[in-house]
Structures are given as C-alpha cells and as structure tokens.
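Reader: I have the sequence and the structure open. Can we go through the inner spaces and the helix packing, question by question?

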Amino acid sequence: MQSGLGEFLVIFSEVKPLLQVKQSLQGLWATLFLLLTGCAGIPVETLTTYADAFAQARDAGDLLLDEISPIVSAKTSTAGDARCGTSRLGYPLCFDPDTARSQDNARINEDPSIVARRDALEAITLYNNMLVDIAEGKRSEEFGNRIDELVRLANSVAAIGVVPSGGMSALIPPSASYAKDLANRLGQARANATVRQSILRSKDDIQELIQALADDTTPIYNIFRKAREIDLFNIRADRRIAELSGDTKAVAAANKRFSAISLSIKRFHESLTAYVNLLDQTSEALDVLVVAAETPQVTVANLTEVAVEAEEIRRRSNAFWVSIRKVRLAAAGSQ
C-alpha cells in the first residue's frame with residue numbers, strides 16, 4: 001500500500017507541471033489576443049508570469065545548494081568554536097537550542113561560499129524584477145529600497161564569492177570584477193538619478209554571474225560525489241562485517257543502501273544537467289526582457305518573445321524539480 005502511494009505521488013508530481021504549462025499557454029494566447037485588440041504596453045499579467053518563472057529558477061538553485069550545504073558547512077569547523085562543525089565521525093560537537101528552534105535548520109551557520117551563491121541567485125532575481133518594472137513602465141523612483149538591496153547583494157557576492165572555503169571553489173575568479181562593478185554602478189546611479197539606464201547597462205554583469213553559477217556545477221558535483229563515495233565505503237565495510245557474521249538480513253540491508261546511494265549520485269548528475277539548462281534559458285530570457293524594457297512601444301513580437309521565454313523557463317524549472325525529487329527519493333531509499 002505504501003509503495004503504491006509513493007509511486008502515485010511520483011507520477012502525479014511529474015504530470016502536474018505539464019498541466020501548469022497547459023494553463024500558462026492558455027494565458028499566453030489570451031494575452032496575445034488582448035494586445036492585438038488594442039492593449040498598449042506589455043500586460044502586467046505577462047510580466048507577472050515572467051517574474052514568477054524567474055523566482056522558480058532561484059528556488060531551484062536554492063534547493064540544489066540545500067543538497068550540498070551540510071557537506072560543505074561541516075568542513076569549516078574551527079577548533080575554538082565547537083558549534084561550527086562536527087567530529088571526524090560525523091556527529092555534532094555540541095547542541096545549540098537556537099538551531100533547534102529554527103524553522104530551516106539546513107541554512108543555519110552556512111559556509112560563506114554557500115551564502116555567496118544564495119546571494120548571487122537572489123541578486124539575479126532582484127535584477128530581473130527591476131527589469132520587469134521598467135518594461136511595465138514604472139518610474140525609477142518607484143524601485144524604492146530594491147536598488148539598495150541589490151547593491152548589498154552584489155557587494156556580498158563580490159566580497160565572499162572570491163574566497164574558496166569548505167571545499168568549494170571561488171564563485172568569482174580573482175581577475176573578475178563584475179559583481180563589484182555592478183554594485184558601484186548602481187550605487188552611483190542612485191546618487192545621480194540615472195537608475196533606469198544603469199539597470200539596463202548592468203545586463204552583462206548579471207550574465208557573467210549566471211555563467212559563473214553554471215560553471216559552479218562542476219565543484220558542486222564533485223563535493224556531492226565524494227561525500228556519497230565515503231558513504232559507499234562505509235556501507236561496504238558494514239556489509240563485509242555482516243557477511244563474516246552470517247547476518248543475511250544485514251547483508252541485504254547493506255546491499256539496498258549501497259544501490260540507493262549509487263542511484264542518488266546518478267540522479268544528482270541528472271539534476272545538475274537540468275539546472276544548467278535552466279540557467280542557460282534564464283540567460284536567454286534575460287536578453288529578451290532587456291530588449292523589451294528598452295523598447296518604447298511594445299510590439300506583438302516583443303510580447304510573444306517575453307511570454308514564450310517565461311514558459312520555457314517554467315518548463316525547464318519543472319524538469320529540474322522532477323530530477324531533484326528523484327535524488328531525494330533515492331536518498332530516502334538508503335535510510
């Protein structure tokens with residue numbers, strides 16, 4: 001019964017994104033009809049769909065980082081502060097009640113390299129939202145505190161992203177300055193009242209940040225793979241002990257865990273493929289939105305491109321969610 005329910009949930013989770021795409025496409029054609037019958041400017045509904053799609057891309061990156069955050073953060077313990085890490089055997093060196101009270105333990109005391117990557121994802125999403133505002137026709141004065149927040153995020157990425165730690169490579173090579181350039185440009189724009197122009201001119205810096213996140217998948221995979229290979233080594237040892245003692249149930253359990261861990265590595269590789277495809281689509285969509293934001297009068301071609309790019313981001317995001325769900329299902333089978 002339990003197995004049948006699990007299979008149903010997995011099948012439903014893979015069918016549901018297809019239903020969402022169908023509904024979104026219906027909204028796209030309705031929007032196109034409104035434009036052709038005299039609607040001026042890019043409709044808010046289309047831009048909202050686009051912004052929501054970008055938020056899904058950010059959430060996908062966060063979920064991927066959740067998979068490796070415990071591995072990376074455990075490597076950054078310091079001898080003077082037991083709360084920062086674990087022992088060699090893998091158990092916590094102390095108990096922190098503040099962590100126990102948290103609603104999201106996976107993101108407490110994260111390694112700075114993970115924090116920088118989350119800030120990079122948030123910076124891309126926030127930048128995209130301001131492009132949406134420009135395309136919608138909002139004035140620069142209406143951006144409010146989001147300029148300050150984007151400057152803060154860009155400075156955070158620039159400061160932390162160049163420092164490798166916890167087994168993670170630097171997100172930004174020492175020779176690159178795009179995050180710092182972005183922060184400086186927007187900071188000056190706020191003072192000089194040239195926010196709109198500076199946002200549009202910052203596209204290339206954001207594109208470099210997207211490319212850095214795509215390149216970042218290589219060390220992410222290596223960290224995940226090596227951690228799971230340690231698990232496989234320990235399972236082999238447990239299985240050998242069970243074999244020598246004649247404990248057939250323990251041998252069977254070890255074999256099941258071994259297969260599940262091996263499968264989780266394969267599934268994680270597949271999820272990274274889906275994530276890179278999602279980032280590439282995000283990059284392409286960003287170019288399309290910049291063109292739309294720069295165009296004084298919307299055209300059918302502008303609207304079609306923006307809406308289609310939003311649907312493509314959503315489709316690739318759904319593909320990622322399916323793949324990362326399979327990683328977690330495989331990991332659950334190793335328990």
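Reader: Which helices each supply at least two residues of the lining of the largest cavity?
Author: This is a predicted model. The lining of the largest cavity is made of F54, A57, R58, L121, I124, T125, I210, Y275, L279 and T282. Three helices each give at least two of the lining residues: helix 2 (44-73), helix 4 (112-136) and helix 10.

Reader: How much space lies in the largest cavity?
Author: The search of the whole structure finds two cavities of 30 Å³ or more. For the largest cavity, the space comes to about 70 Å³.

Reader: Which helix gives the most to the lining of the second largest cavity?
Author: The second largest cavity has a volume of about 50 Å³. G61, L64, L65, R117, L121, L213, D216, I220 and Y275 line this cavity. The top contributor, with three residues, is helix 2.

Reader: Are helix 8 and helix 10 roughly parallel or roughly antiparallel to each other?
Author: Helix 8 covers residues 203-215, and helix 10 covers residues 248-294. They pack with axes 9 Å apart, at an angle of about 175°. Angles over 145 degrees count as roughly antiparallel. Helix 8 and helix 10 are therefore roughly antiparallel.

Reader: Which residues of helix 10 make the contact with helix 8?
Author: On the helix 8 side, the contact uses K203, I206, Q207, I210, L213 and A214. By class, the whole contact has nine nonpolar, three polar and two charged residues. The helix 10 side is Y275, V276, L279, T282, S283, L286, D287 and V290.

Reader: Are helix 8 and helix 9 roughly parallel or roughly antiparallel?
Author: Their axes lie 5 Å apart, and the packing angle is about 25°. Angles under 35 degrees count as roughly parallel. Helix 8 and helix 9 are therefore roughly parallel.

Reader: Which residues in helix 9 meet helix 8?
Author: By class, this contact has three nonpolar, two polar and one charged residues. Helix 8 brings L213, A214 and D215. In helix 9, the partners are T217, T218 and P219.

Reader: Why does the pair of F224 and F268 count as stacked?
Author: The model has three aromatic pairs. For F224 and F268, the ring centres are 3.9 Å apart. F224 sits in helix 9 (residues 217-245) and F268 in helix 10, so distant parts of the chain are linked, 44 residues apart. Planes under 30 degrees apart count as stacked, and here the planes are at 15°.

Definitions and conventions:
Residues are numbered from 1 along each chain as its sequence is written. This is a predicted model: local features need pLDDT of at least 70, side-chain atom pairs count only at pLDDT 80 or more; totals for chains, interfaces and linings use all residues. Side-chain values use heavy atoms; hydrogens and water are left out. Axes are lines fitted to C-alpha atoms, for helices over the stretch in contact, and angles run from 0 to 180 degrees between N-to-C directions. Helices (H or I, at least four residues) and strands (E, at least two) are DSSP runs, numbered from the N terminus. Angles under 35 degrees count as roughly parallel, over 145 as roughly antiparallel, 65 to 115 as roughly perpendicular and the rest as oblique. Contact means heavy atoms within 4.5 Å. Ala, Val, Leu, Ile, Met, Phe, Trp, Tyr, Cys and Pro count as nonpolar, Asp, Glu, Lys and Arg as charged, and the others, Gly among them, as polar. On a 1 Å grid over the protein atoms alone, a cavity is a set of points where a 1.4 Å probe fits but cannot get out, and a pocket is an open set with protein on both sides within 12 Å along at least five of seven lines; lining residues have an atom within 4 Å of a point. Grid points are joined across faces, edges and corners, and a volume is the space filled by probe spheres set on the points. Rings of Phe, Tyr and Trp (its six-membered ring) pair if their centres lie within 6.5 Å; planes under 30 degrees apart count as stacked, over 60 as edge-to-face and the rest as tilted.
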